[in-house]
Amino acid sequence: MSSNIVEQRLKRRSSCLTIVVHARRNFHENSADRSRNFMSPVFGRGLMWTDAGVISLDHKTPLNFSYDSVQNRAGQWFMVFHNEFEDSYRVVTDFMGYYRLYYTTFHRGKDQVLIIGDNQTSIAAELRRLGRPVSVYWPVAASHLLSTHTILQSSYSHKTMFDGVQSLPADAELIVGQTGIREERKDRFAADSGASYEDLLAAGIERAQNQLRLMAASPIRDKRHALSGGRDSRIAMAIAASAGVHHEFSMMTGDPRTARGAQSRKVLERDLQVAVGLRRFLQLDWARETQITGVRNDAHTSLEIFQSRFAGARFSWPAGNTVTWPQELRLEVHGGSGELIRRAYQNMRNHPSFSYLADQPDTVVEDARKLFPTVVRHHQYIPADIRAEATEVFAESMSIGENLSLSEQLNLHYASFRNRDHFGEMIHRYDRNALTLYPLAQPEFLQASRLLDSEERAQGRVAYDIIQMTYSDLNEFPFDDGYWPQKFMPIRNRRHYDQDASDFRDIQNFYHKEDLDYRIRSSVQLLNDPDSPVKAFDATSTTTSMSANAVWELLEHTNPPVKGLGSIIPTLVAQGTLAPGPTAAKLETISSVFTGRHAEYDPVLFSSRQVGENVAISADEQWHAASNQSIRIRRVDPFIFHVDLKIEDGRAIVRARCNSDEVEGREWAVYLYRERNKIAERWYSTELTAEFSLSDVDPDTRLRALVFSRRADNEQHVLKRYSNWLQPQAS
């Protein structure tokens with residue numbers, strides 16, 4: 001039962017389209033306007049917002065849609081239109097480019113072939129199935145693998161990890177025909193000539209209001225609106241209020257207790273303080289948990305689910321042991337894509353390295369080259385020639401707009417990559433029974449923002465004006481970082497209030513109800529196969545082992561240009577300078593061309609034919625149907641161990657813990673560190689415990705142990721794990 005749910009609901013089956021353009025086909029010259037009249041939809045996937053609501057294109061392509069009618073449509077979708085008159089194709093995506101597409105081209109004799117699909121690993125697999133060579137493009141692959149920077153947490157270039165496979169830009173359509181295969185770019189930030197700032201905002205507000213009214217009118221009971229101390233969610237709420245539908249939604253905000261770090265918790269606590277005041281003013285109810293269900297996954301299944309949706313596009317694999325979702329569909333409104341109308345990548349601008357850049361339009365390439373070592377932290381391991389090419393790929397990805405400094409290029413880069421990967425999960429959430437709307441993702445808002453100077457835009461002028469035009473009272477409340485600049489709003493218009501007893505009661509009430517929701521989620525009876533129950537796993541230990549196994553597996557199939565990769569990756573992961581989950585996901589994508597563990601996909605063929613040709617099975621169909629299926633190599637099970645360090649009677653006792661049935665054939669070595677200095681070691685032994693005298697150790701210093709584990713029959717595959725820090729005096 002649970003395995004069927006994983007396949008049908010949690011994994012996403014990719015589509016891989018092959019379009020063959022025959023050189024022998026007669027080509028008819030006609031104008032662009034005339035060509036459009038002959039365009040009809042032949043394929044589509046995803047979720048599309050229409051004037052009547054949201055429709056799914058996954059199971060049926062709406063044949064009544066024209067090419068012009070889908071322009072600027074919101075959602076996460078793509079469609080293929082065929083021009084029968086000239087036998088050409090046009091591939092179109094949603095306005096924001098949330099639906100990611102990848103493609104490659106090659107010649108088969110005199111014919112040109114395009115393969116396009118929505119998963120990098122599926123494209124590579126289809127190439128191999130059709131007998132085409134596929135190789136890893138190491139300038140991009142190595143950059144991703146040796147970085148944890150925000151920009152490289154998702155794809156950062158239209159070049160991918162596979163040589164010759166590239167992503168379709170967010171602002172491009174792909175045209176396939178007798179004249180070749182080319183991208184047609186459109187400037188999403190450029191408004192029609194003569195369009196005013198105010199008119200653009202008004203048009204965007206009207207479009208967003210209509211979407212929110214459609215949501216509010218839905219018979220679905222559970223409707224939620226996110227609202228925090230930030231600007232984006234407040235813009236969405238102001239538009240909902242101006243549409244007269246905000247009371248149709250309950251309100252949700254983040255629980256500070258779920259934050260992983262002290263700084264994140266502090267931010268969420270301030271968010272909550274602002275949110276409770278807004279909730280009381282707007283007279284909204286807190287969103288409460290409804291009936292939910294879910295399944296338990298092992299680590300392999302968890303990774304396969306993630307890869308089926310995001311392979312090569314993003315790498316933040318959460319390595320979750322369970323996946324839950326509401327039993328009934330819920331509707332959610334979020335404030336995503338707000339960075340597009342102000343400023344993106346503020347953390348990069350704050351980095352010391354950025355202050356040394358000239359940041360002028362004529363220095364963009366050189367500035368990007370200088371920034372590359374900051375973005376790829378462990379770049380020193382990449383060979384010089386590949387590092388040079390990787391630097392140029394990065395510089396090219398930062399050179400999107402004309403006559404713009406790197407500061408402005410960063411905004412366009414965010415729109416082209418990070419934004420679509422960060423918020424392009426509408427389908428992912430819908431498959432888990434949550435339909436999401438981003439009211440800020442309107443073409444007119446983007447276009448209006450570029451009519452302002454960069455400084456005013458960065459300060460949030462667009463956000464302020466949208467709220468002022470829809471529900472100005474919400475501008476008077478503070479945000480989590482203070483009020484609007486005085487140039488936007490005089491101090492006399494600010495609502496000053498200190499946290500009082502009612503705020504305290506609201507916060508305690510919020511925590512109380514969150515605790516009730518947590519108990520509901522914890523008590524869910526997860527669907528499971530009684531014949532093969534799934535055990536819980538520790539995410540950090542499991543992903544650490546899987547990242548090491550993945551790099552060793554890669555070395556069995558190819559010789560990466562990064563020398564010593566089999567030792568570098570486990571070491572950096574153990575040191576905490578590479579995250580184990582994302583590292584395992586990156587390696588899984590890179591290795592897929594060798595292991596056959598690609599995302600499952602449906603191959604589809606479109607082929608132009610001679611006029612009057614009437615052959616039951618064309619040569620194209622015979623070629624495309626031929627199967628060269630590669631063997632799918634099973635992933636090695638992770639070996640998991642933990643390290644305990646304790647101090648007794650002036651001695652440090654280090655012990656490795658793991659399942660007893662996995663110990664046989666393993667050897668263990670132990671290092672003991674005082675701060676960063678190694679003070680003792682025990683070389684490889686079958687003993688799981690090691691003891692060290694602390695007679696000469698300052699009791700005020702910290703100690704930590706590092707344990708190495710290897711199989712006696714394979715000394716090159718070494719897993720490493722640190723203990724927690726321990727202070728002798730505290731012990």
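Start by selecting Ile 151. Away from the residues up to four places off in sequence, Ile 151 touches Tyr 156, Tyr 345, Met 348, Phe 394, Met 398, Leu 410 and His 413; contact here means heavy atoms within 4.5 Å.

Before going on, two notes. This is a predicted model, where local features need pLDDT of at least 70 and side-chain atom pairs count only at pLDDT 80 or more, while totals for chains, interfaces and linings use all residues. Residues are numbered from 1 along each chain as its sequence is written, and side-chain values use heavy atoms, with hydrogens and water left out.

Buried means under 20% relative accessible area, exposed means over 50%, and partly exposed is in between (1.4 Å probe, protein chains only). Helices (H or I, at least four residues) and strands (E, at least two) are DSSP runs, numbered from the N terminus.

**An enclosed helix**

Ile 569 leads us to helix H19. How many of the eleven residues of helix H19 (residues 565-575) are buried? Nine of them are, so H19 is largely enclosed by the rest of the structure. To see them, select Leu 565, Gly 566, Ile 568, Ile 569, Pro 570, Thr 571, Leu 572, Val 573 and Ala 574. Show what they pack against, too: helix H4 (138-145), helix H18 (539-557), H20 and strand S24 (714-722). Step just past H19 and you land on Gly 576, with a positive phi of about 85°.

**Two helix pairs**

Stay with H4 and bring in helix H11 (residues 384-397). The two pack at an angle of about 85°, with axes 8 Å apart. Axes are lines fitted to C-alpha atoms, for helices over the stretch in contact, and angles run from 0 to 180 degrees between N-to-C directions. H4 and H11 are therefore roughly perpendicular, the word used for 65 to 115 degrees (under 35 is roughly parallel, over 145 roughly antiparallel, the rest oblique). Show side chains for Trp 138, Pro 139, Val 140 and Ser 143 of H4, and for Ile 386, Glu 389, Ala 390 and Val 393 of H11: they make the contact.

Next, pick helix H8 (residues 299-310) and helix H20 (residues 580-595), which pack at about 65° with axes 11 Å apart. On the H8 side, Leu 303, Phe 306 and Gln 307 make the contact, and on the H20 side Ala 585, Glu 588 and Thr 589 do.

**The sheet and a hairpin**

Switch to cartoon view and look for an open sheet of six strands, in the order S3-S2-S4-S5-S9-S10, with antiparallel pairing. Which strands stand at the edges? They are S3 (53-56) and S10 (180-185), each with a single partner strand, so one side of each has no neighbour in the sheet. From one strand to the next, the twist averages 20°. Zoom in on S5 (residues 88-93) and S9 (residues 172-177), an antiparallel pair with three bridges; two strands pair if DSSP finds at least two bridges between them. Val 91 stands opposite Leu 174 in S9.

Another antiparallel pair is S20 (residues 666-674) with S21 (residues 677-685), over six bridges. There, Leu 672 has Ala 680 in S21 as its bridge partner. Two residues sit between the strands of this hairpin, and Glu 675 takes a positive phi near 55°.

**Loops to finish**

Most residues other than glycine have a negative phi. Is Ala 319 buried or exposed? It counts as buried, at 6% relative accessibility. Asp 649, between strand S18 (642-648) and strand S19 (651-657), also has a positive phi, about 55°, but at 79% relative accessibility Asp 649 counts as exposed.

Last stop: Gly 230, in the loop between strand S11 (223-226) and helix H6 (231-242). Gly 230 counts as buried at 18% relative accessibility. Beyond its neighbours within four places in sequence, Gly 230 contacts Asp 271, Phe 479 and Asp 480.
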